[in-house]
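Reader: Could you take me on a close tour of the side-chain pairings here, charged ones and rings included? I'd like the geometry, the cut-offs, and where each partner sits.

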Amino acid sequence: MFGDRFSGNIRFIAGDSGVFSTGAQPERMRILGDNGFVGMGTTSPATNLDVRGANQPAITVGTAGGTDGALFLGNPAHGLRRNFNGVGNDVGLYTTAANLQFSANGFNNTQMTLNNAGTLDVGTRVQIAPVGNGTQDGSIVARRQDGSLALFNTGFNDGAGFAGYQIALVNNAGNAFTGGLYHQTGTNQATLVANIKNFVEPNPRDASTDIYYASMEGPEAGMYTRGTSTLINGQAVITLPSHFSDLASSQGLTVIVTPLSADSMGLAVVGKSVTGFQVRELMRGTGTYQFDWEIKAVRKQHLNYQVVRPWTDRRIANPDISDAQAWQIRERDVAETNARAAVLEAQASGSVQR
């Protein structure tokens, strides 16, 4: 160990004990006299402890055979610890009553934050909340400027007073549910919502295109079954399958029958229930021929289906948008939707000047 007379630095020399000279022995560590910085592998330490070297410089804390070891930042309430939470070789980065902030672009540019409630914010548009975190229980929210896809658990009202979980497509403003899937915790049921619902299949005649068919909608949670049966001597009894009977309500049943004979006197449904229906030929006819039939029913679990609901049922909490702003966005969206519909209607009628 040597002390510089004028600079006040302390240098630590180690090497071949046969040559005791600062010129021949390598310097292993230095303590600067003006600020007390300690350097290992460097003669100009820039921090309190500055470790440098060409061969993977490192600091080892703990024992090779154990699971102990920690680096504290200021005090043991903040730091990096092995055997984190008492689990073997698990390593944890932690703080107390504060947030952990992460950045890959400098220490003044937060890119990800883990707060002390366990919620992880990635930038300003992605948030992941832990299970058990109140209304944000187990939620993931991803927002974009031009719309967003979100999976989250928030308080929402589906028109019947049920709350639940949502996998949601959100409007451009990020404040309203426009489509997706939500689960009602009260009824343990899931509902799919969209402006239009399609099935798509490759076009068997043209591999460069697909065929889209849109679902037909109605003001009820309906179901149907259909078939072709035979009228014998002017009458027929149709027994419906149990998979239909078990789910259908007896309220609001409708049946359509179509005779497949030009000699038919016409057909009437003279009795109907969720288990079957009876068909007779008009004018007491005694014809024998086939006929098509279709029966529709409302699903008995959804008799209280509400067609018109408050627009706020689809609102999503967004701290950046006030109630007044949300209503302005709503009015604008409705006006734009009506304008698009008017243009499409005019185009369909051929009245648009091209």
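**Side-chain pairings**

Author: Let's begin with Lys296, which counts as partly exposed at 34% relative accessibility; buried means under 20% relative accessible area, exposed over 50%, and partly exposed is what falls in between, using a 1.4 Å probe and protein chains only. Before going on: this is a predicted model, so local features need pLDDT of at least 70 and side-chain atom pairs count only at pLDDT 80 or more, while totals for chains, interfaces and linings use all residues. Residues are numbered from 1 along each chain as its sequence is written, and side-chain values use heavy atoms, leaving out hydrogens and water.

Back to Lys296: its salt-bridge partner is Glu294, with the closest N and O atoms 2.2 Å apart. The rule asks for a side-chain nitrogen of Lys or Arg within 4 Å of a carboxyl oxygen of Asp or Glu. Glu294 is partly exposed too, at 22% relative accessibility. By that rule you get five salt bridges.

Strands here are DSSP runs of E, at least two residues long, and helices are runs of H or I, at least four, all numbered from the N terminus. Lys197 is partly exposed, with a relative accessible area of 23%.

Strands β18 and β19 come up again with the rings. Phe199 in strand β18 (residues 198-202) and Tyr213 in strand β19 (residues 210-214) are 14 residues apart, and their pair links distant parts of the chain. Centre to centre, these rings are 5.3 Å apart with 35° between the planes, which makes for a tilted aromatic pair. For the record, rings of Phe, Tyr and Trp (its six-membered ring) pair if their centres lie within 6.5 Å; planes under 30 degrees apart are stacked, over 60 edge-to-face, and the rest tilted. Phe199 is partly exposed at 44%, whereas Tyr213 counts as exposed at 54%.

The structure holds four aromatic pairs. Also among them are Phe84 and Tyr94, which have ring centres 6.0 Å apart and planes at 40°, so this pair is tilted. Phe84 lies in the loop between β7 (75-82) and β8 (91-94) and Tyr94 in strand β8, so the contact ties together parts ten residues apart in sequence. Phe84 is partly exposed at 31%, but Tyr94 is buried at 13%.

A ring can also carry a charge: Arg309 lies over the face of Tyr305, 5.3 Å from the ring centre. That label needs NZ of Lys or CZ of Arg within 6 Å of the ring centre and within 35 degrees of the ring normal.

Thr110 sits in the loop between β9 (100-102) and β10 (112-114) and is partly exposed at 40%. Skipping residues up to four places away in sequence, Thr110 touches Gln101 and Phe102, where contact means heavy atoms within 4.5 Å. The side chains of Thr110 and Gln101 are joined by a polar contact of 2.3 Å.

Definitions and conventions. A polar contact is a pair of N or O atoms within 3.5 Å; within protein, one must be able to donate a hydrogen and the other to accept it, and residues adjacent in sequence count only if both atoms are side-chain atoms.
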